[in-house]
Amino acid sequence: MEMPRLTLNAITIGAPDPLALADFYGRLLGRTVTTKSGPAPGEPPEAGFAKIASNGHDLELNFEYERRWRTPVWPAEPDRPFATQHLDIQVDDLDDAVAHAVAQCATLAETQPQSDVRVLFDPAGHPFCLYL
């Protein structure tokens with residue numbers, strides 16, 4: 001059997017407030033939030049869906065409401081929610097990129113595993129890495 005064509009084009013991130021998180025990543029990455037939709041009937045006001053479209057060479061980022069959101073703990077700890085994935089974002093200048101991320105409301109993690117990588121948390125608590 002011949003392999004079907006499979007194309008990875010987006011990553012979807014669960015969040016307690018997806019529209020606000022999309023705005024954060026739009027500011028962080030200098031990209032436009034292209035789609036926003038509010039909550040479905042019966043959902044709270046912070047529910048919804050948002051998308052940051054590809055800029056031609058990056059994946060789309062989608063943000064969807066997670067009803068039972070629990071902020072992950074990084075580094076992982078026993079019996080606590082942990083991140084099952086994270087975004088890696090390559091930068092030219094690590095110090096400038098960290099300052100930019102913090103100015104957009106990211107938080108620098110206390111634990112830093114490598115000299116050429118900085119772990120930060122987005123406003124919902126997802127870890128992400130800036131790296132050279």
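Okay, let's start with a charge pair: Lys51 and Glu60 meet through their side chains in a salt bridge, 3.5 Å from N to O. By salt bridge I mean a Lys or Arg side-chain nitrogen within 4 Å of an Asp or Glu carboxyl oxygen. Lys51 is partly exposed, at 22% relative accessible area; buried is under 20%, exposed over 50%, partly exposed in between, with a 1.4 Å probe and protein chains only.

Quick caveat: this is a predicted model, where local features need pLDDT of at least 70, side-chain atom pairs count only at pLDDT 80 or more, and totals for chains, interfaces and linings use all residues. Residues are numbered from 1 along each chain as its sequence is written, and side-chain values use heavy atoms, leaving out hydrogens and water.

The salt bridge count comes to 5. Another one is Asp58 with Arg31, closest N and O atoms 3.5 Å apart. That pair links distant parts of the chain, 27 residues apart. Asp58 is partly exposed at 35%, while Arg31 is buried at 13%.

Then there's Arg67 with Glu43, at 3.6 Å between the closest N and O atoms. Arg67 sits in the S4–S5 loop and Glu43 in the S2–S3 loop, so the pair ties together parts 24 residues apart in sequence. Helices (H or I, at least four residues) and strands (E, at least two) are DSSP runs, numbered from the N terminus.

On to the inside. The largest nonpolar core has 23 residues, with Leu21 and Phe63 among those with the most contacts inside it. Such a core is a set of buried Ala, Val, Leu, Ile, Met, Phe, Trp, Tyr and Cys residues joined through side-chain atoms within 4.5 Å. H1 gives the largest share, 5 residues.
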